[in-house]
Amino acid sequence: MIAITTIDYNDSLRKCKSGNVGAREDLFRHLRVRLLSILKYRLRGWPTEEIEDILQDTMTVLAEKLDQVESNPDLFALDILRNKIGNRVNRRRRRIEVSLHPTDSSDDREKGRDFDSATSLIASDTDLAGMESEDIAEAIRHAIWKLSPLCQALFAALLDNRSVADTWELMQHTEQGLPRSTFDKRLFDCRKKLRKLLAHTL
């Protein structure tokens with residue numbers, strides 16, 4: 001039977017502030033295990049390197065601010081972790097948004113043309129006859145943002161002028177060992193959902 005170790009976080013904090021190096025190491029070891037389990041649950045499917053990076057950032061901030069903590073260092077660490085997770089998730093979301101919403105610079109206008117050429121791949125079975133290219137692109141953009149984050153990520157990659165094979169490789173960075181058959185099924189389902197939304201728009 002595996003023994004489950006516990007720790008009195010407030011007592012450990014008091015020892016840390018009195019200069020007890022061993023208590024500090026013990027506190028950080030326990031917090032690291034606890035935060036890592038939360039990270040793996042909250043960010044299921046994310047690369048291990050990215051999870052470790054978030055954890056390291058969290059522990060660094062905790063080490064810098066520990067002297068300011070009066071009590072419950074575990075709750076303080078959780079607040080830091082939540083902020084780090086939120087920042088990283090928002091950063092990913094912004095990358096997707098940039099891919100879906102090209103601006104007016106010359107490079108981005110080129111990407112806008114790539115967007116138009118990608119619409120046939122994304123909504124190949126939808127009746128787009130009689131619509132202007134800009135109208136098609138705008139309708140697809142609005143429809144995509146009504147889909148799940150997974151579908152948004154898939155289409156963002158395709159609209160970034162990536163091939164289906166390249167998109168599959170990209171997804172393997174966030175979900176290691178993703179079979180091509182599973183990826184193809186997800187893409188099929190996302191296209192089906194997109195076509196259904198477009199059918200009510202076009």
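At what angle do helix 2 and helix 3 (residues 48-65) pack, and how far apart are their axes? In this predicted model, helix 2 and helix 3 pack at an angle of about 145°, and their axes lie 10 Å apart, where axes are lines fitted to C-alpha atoms, for helices over the stretch in contact, and angles run from 0 to 180 degrees between N-to-C directions. The model is a prediction in which local features need pLDDT of at least 70 and side-chain atom pairs count only at pLDDT 80 or more, while totals for chains, interfaces and linings use all residues. Residues are numbered from 1 along each chain as its sequence is written, and side-chain values use heavy atoms, with hydrogens and water left out.

The chain has nine helices and zero strands, these elements being DSSP runs numbered from the N terminus (H or I, at least four residues, for helices; E, at least two, for strands). Buried residues, meaning those under 20% relative accessible area, with exposed over 50% and partly exposed in between (1.4 Å probe, protein chains only), make up 36% of the 202 residues in the chain. Of the contacts with a separation of 6 or more, 63% are accounted for by residues 24 or more positions apart, a contact being heavy atoms within 4.5 Å.

At the start of helix 2, a side-chain oxygen of asparagine 20 comes within 3.1 Å of the backbone nitrogen of glycine 22. The buried residues of helix 2 include Phe28, Leu35, Leu36 and Leu39, and each of these also belongs to the set that meets helix 3.

Tyr9, Ser12, Lys15 and Cys16 of helix 1 meet residues of helix 2, among them Ala23, Leu27 and Leu31. Serine 12 is buried, with a relative accessible area of 5%, and, leaving aside residues up to four places away in sequence, touches Ile7, Ala23 and Leu27.

Arginine 88, in helix 4, is buried as well, with a relative accessible area of 9%. The side chain of arginine 88 makes a polar contact with that of aspartate 53 at 3.0 Å, a polar contact being a pair of N or O atoms within 3.5 Å of which, within protein, one must be able to donate a hydrogen and the other to accept it, and for which residues adjacent in sequence count only if both atoms are side-chain atoms. Asparagine 72, found in the loop between helix 3 and helix 4 (73-100), has a positive phi of about 50° although it is not a glycine. Most residues other than glycine have a negative phi. Asparagine 72 is partly exposed, with a relative accessible area of 32%.
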